[in-house]
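Hi,

Here is the structure I promised to send over. Have a look at it first, and then read on for what turned up.

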Amino acid sequence: MKLREISELLNAKVRCGHDRLDEEHDKAFASDLMSDVLTLGDYNPVILTGLCNMQTIRTCEMGNLDIIVLVRRKKATEEMIEEAEDENMVVMESDFSMFKACGLLFQAGMQPIF
């Protein structure tokens, strides 16, 4: 699924990474526990989270993850966006709950990593 399609499906605002919206990704993972996210680098899934702070960006950097969808109406700070841009990350913001966002992605063919 293209990142552009994910953005449209989740009615998500793309905050950075506009130049990457035609990339294809087929796996996603949802968590607010960044310790769980750190174990996923080999899969490079789309990360859905409601944790909205610099720790989210830095944890994804450390785990070599670069696509973040903030759910539950969370809004990235300018500091988060600047850091994400420096790391060539994609950051989106969706008003949907994590449950709804995951359900929509799964229904559209996005696969879990396990």
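Which elements each supply at least two residues of the lining of the largest pocket? They are β2 (27-30), α5 (98-107) and β6 (111-112). Helices here are DSSP runs of H or I with at least four residues, strands are runs of E with at least two, and both are numbered from the N terminus.

Before the rest, a word on the source. This is a predicted model, where local features need pLDDT of at least 70 and side-chain atom pairs count only at pLDDT 80 or more, while totals for chains, interfaces and linings use all residues. Residues are numbered from 1 along each chain as its sequence is written, and side-chain values use heavy atoms, with hydrogens and water left out.

Back to the pocket. Its volume is about 180 Å³, taken as the space filled by probe spheres set on grid points joined across faces, edges and corners. A pocket is an open set of points on a 1 Å grid over the protein atoms alone, where a 1.4 Å probe fits, with protein on both sides within 12 Å along at least five of seven lines; lining residues have an atom within 4 Å of a point. Among the lining residues are Phe29, Leu48, Cys102, Phe106, Gln111 and Phe114. By class the lining has 11 nonpolar, 1 polar and no charged residues (Ala, Val, Leu, Ile, Met, Phe, Trp, Tyr, Cys and Pro are nonpolar; Asp, Glu, Lys and Arg are charged; the others, Gly among them, are polar).

The largest nonpolar core has 20 residues, and Leu3, Ile6, Leu10, Val46, Leu48 and Met92 touch the most other members. A core is a set of buried Ala, Val, Leu, Ile, Met, Phe, Trp, Tyr and Cys residues joined through side-chain atoms within 4.5 Å; buried means under 20% relative accessible area, exposed over 50%, and partly exposed in between, with a 1.4 Å probe and protein chains only. Helix α5 gives the most to this core, with 3 residues. Apart from it lies another core, of 19 residues, including Val37, Met54, Leu70 and Ala76.

Now to α5 itself, where you will find alanine 101. This alanine 101 counts as buried because its relative accessibility is 0%. Leaving aside neighbours within four places in sequence, alanine 101 is in contact (heavy atoms within 4.5 Å) with Leu10, Leu48, Val71 and Phe96.

Last, some backbone angles. Most residues other than glycine have a negative phi. Asparagine 11, in the loop between α1 and β1 (13-16), has a positive phi near 50 degrees. Asparagine 44, in the loop between α2 and β3, has a positive phi near 45 degrees. Asparagine 64, which follows α3, also has a positive phi, near 55 degrees.

Cheers
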